[in-house]
Amino acid sequence: SGFNSIGHMDMMSRGRHQIGHSKEGEEFIQNVFHVVSQMFTGKEKSNLAVCWLQYEISKVIQCLQAKKKKKLKAQGRKSKKLAKNFLKAPDNRNNLLLWKLYAYLEWLLGNTDDSRKVFDTALCTAGTGLKSAQLCSLSLLYAQLEVELLESLEGAVMSRAVHILTKLTENGPYVPYSGQVLSVSVLKARKTYEHALQDYLSKTSVADQDQVNDADQLVNLVGCYALFQYLTVGIDAAVLIYKQASEKLEVSASRKCENTGENFGILNFPTALEAVTLLHTNLLRFHMKISVYPLNPLREALTEALKRFPSNQSLWRSYVHIQRKSHSASKARRFFDTVTRSANSLEPWLFAIQAEQMRKKLTEKVQRADVGEIHCTIPETGLTNRIIALFEHAVQSENGTHCPLLWRMYLNFMV
């Protein structure tokens with residue numbers, strides 16, 4: 001094609017092949033990691049190891065999405081070897097973030113039992129209590145992965161996920177799951193979560209030195225408590241916790257602006273608010289997958305969130321996903337129009353284009369179904385013109401002019 005893609009560009013497809021990680025780009029990135037890792041020591045080296053492992057995980061996810069089994073096996077072997085080497089280093093033995101990523105890697109590769117062993121080992125050595133942000137984050141991911149294996153909420157109170165979330169609130173050492181959860185433990189855990197959340201929410205209004213840590217910790221705490229309530233009480237109880245936390249974070253963020261007249265604290269609280277919103281919408285999506293639940297709460301939550309965070313790609317993906325099921329495009333179009341006018345970021349344009357391209361693909365598929373050689377007699381020009389107009393407006397915006405991806409998508413579409 002006349003050029004090599006460095007790293008990966010997952011938006012573009014060439015014929016039937018997705019452009020993935022090219023050989024040259026991959027070598028370049030690996031070389032950078034190797035060279036840079038020799039320059040760092042201590043905490044910085046651990047942070048680099050975390051970045052490297054996250055990059056390896058992104059490649060595994062790409063192999064999973066492309067359904068390339070052979071490549072997945074080879075990639076899995078390489079990534080696991082790297083993760084084990086990182087954890088052997090004396091500085092990294094107690095790094096919960098690396099343990100968490102290694103366990104997640106095993107889970108993605110389909111080694112559920114091995115992954116559980118890694119999670120359990122990390123939790124046993126990690127100490128106790130809701131005060132540790134990393135411990136909460138580890139428990140939250142472990143519980144989320146376990147919940148995804150559930151087919152319905154029946155008997156969820158006795159599940160491994162509830163065991164993990166109750167053990168997190170106890171001050172004793174972690175004990176691996178033995179098949180049952182005591183009702184007394186569940187009641188005690190609920191009280192502990194409630195008090196811990198109240199403490200954090202009352203604390204966030206005070207300007208604090210450890211604000212970033214506090215914000216991270218609050219997100220993990222809200223995630224654990226809401227998931228716990230979801231499994232033991234139901235979806236409404238979980239949504240209530242997300243709403244409480246979001247309201248409090250909104251108030252804190254706006255008050256900080258008024259008090260100081262500058263963006264003090266804005267760095268942390270909107271990111272915490274964004275993370276809480278993401279947890280909220282993901283839980284609603286999961287709940288709709290395993291049981292009957294109306295679409296409206298999720299649609300409302302997503303539209304509110306996207307007005308506030310127009311550059312969040314995960315939220316846009318969810319929004320496009322739910323709008324695909326709707327037969328009427330007008331509501332989504334109006335929403336995209338509103339956001340693109342007010343936001344500076346390019347994501348709303350890219351996702352508006354993607355949504356229309358999906359609609360065009362679907363229309364063509366329906367029109368060409370089971371007719372053999374005779375293609376649709378009425379060409380679908382309306383959507384084509386709409387997509388071209390969107391591209392034109394997008395490339396005229398300040399960010400769009402300088403975005404190679406947007407120009408390439410435009411060229412690709414015109415071809």
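Buried means under 20% relative accessible area, exposed means over 50%, and partly exposed lies in between, with a 1.4 Å probe and protein chains only. This is a predicted model, in which local features need pLDDT of at least 70, side-chain atom pairs count only at pLDDT 80 or more, and totals for chains, interfaces and linings use all residues. Residues are numbered from 1 along each chain as its sequence is written, and side-chain values use heavy atoms, with hydrogens and water left out.

**Figure 1. Overview of the protein chain.** The secondary structure comes to 18 helices and two strands. Helices (H or I, at least four residues) and strands (E, at least two) are DSSP runs, numbered from the N terminus. Of the 415 residues in the protein chain, 45% are buried. Contact means heavy atoms within 4.5 Å. Among contacts with a separation of 6 or more, 59% are between residues 24 or more positions apart.

Figure 2. Alanine 329 sits in the loop between helix 13 and helix 14. Its relative accessible area is 12%, so alanine 329 is buried. In sequence, alanine 329 and arginine 359 are 30 residues apart; in space, their C-alpha atoms are 8.8 Å apart.

**Figure 3. Close-up of helix 1 and helix 2.** Helix 1 (residues 23–37) and helix 2 (residues 42–66) have axes that come within 10 Å and cross at roughly 165°. That makes helix 1 roughly antiparallel to helix 2. Axes here are lines fitted to C-alpha atoms, for helices over the stretch in contact, and angles run from 0 to 180 degrees between N-to-C directions. Angles under 35 degrees count as roughly parallel, over 145 as roughly antiparallel, 65 to 115 as roughly perpendicular and the rest as oblique. The crossing of helix 1 and helix 2 is left-handed. A crossing has this hand if the near helix is turned anticlockwise from the far one by less than a right angle, and is right-handed if clockwise. From helix 1, Glu26, Ile29, Gln30, Phe33, His34, Val36 and Ser37 meet Lys45, Leu48, Cys51, Trp52, Tyr55, Glu56 and Lys59 of helix 2. Sorted by class, this contact of helix 1 with helix 2 has seven nonpolar, three polar and four charged residues. Ala, Val, Leu, Ile, Met, Phe, Trp, Tyr, Cys and Pro count as nonpolar, Asp, Glu, Lys and Arg as charged, and the others, Gly among them, as polar.

**Figure 4. Close-up of helix 13 and helix 15.** The axes of helix 13 and helix 15 are 10 Å apart, and the helices pack at an angle of about 25°. Helix 13 and helix 15 are therefore roughly parallel to each other. Their crossing is right-handed. Gln313, Trp316, Arg317, Val320 and Gln323 in helix 13 are in contact with Glu347, Pro348, Phe351, Gln354, Ala355, Met358 and Arg359 in helix 15. The contact of helix 13 with helix 15 has six nonpolar, three polar and three charged residues.

Figure 5. The structure holds 15 aromatic pairs. Tryptophan 316 and phenylalanine 351 form a stacked pair, 6.2 Å centre to centre with 15° between the planes. This pair links distant parts of the chain, with tryptophan 316 in helix 13 (residues 313–323) and phenylalanine 351 in helix 15 (residues 347–367), 35 residues apart. Tryptophan 316 is buried at 0% relative accessibility, and phenylalanine 351 is buried at 9%. Tyrosine 319 and phenylalanine 336 form an edge-to-face pair, 5.8 Å centre to centre with 80° between the planes. Here tyrosine 319 is in helix 13 and phenylalanine 336 in helix 14 (residues 330–342), 17 residues apart. Rings of Phe, Tyr and Trp (its six-membered ring) pair if their centres lie within 6.5 Å; planes under 30 degrees apart count as stacked, over 60 as edge-to-face and the rest as tilted. Ring pairs link Trp316, Tyr319, Phe335, Phe336 and Phe351 into a cluster.

**Figure 6. Close-up of serine 345.** Serine 345 is in the loop between helix 14 and helix 15. With a relative accessible area of 17%, serine 345 is buried. Apart from neighbours within four places in sequence, serine 345 is in contact with Pro310, Ser311 and Asn399.

Figure 7. Glycine 127 is found in the loop between helix 5 (112–125) and helix 6 (133–148). Its relative accessibility is 39%, so glycine 127 counts as partly exposed. Glycine 127 and tyrosine 174 are 47 residues apart along the chain, and their C-alpha atoms are separated by 8.1 Å.
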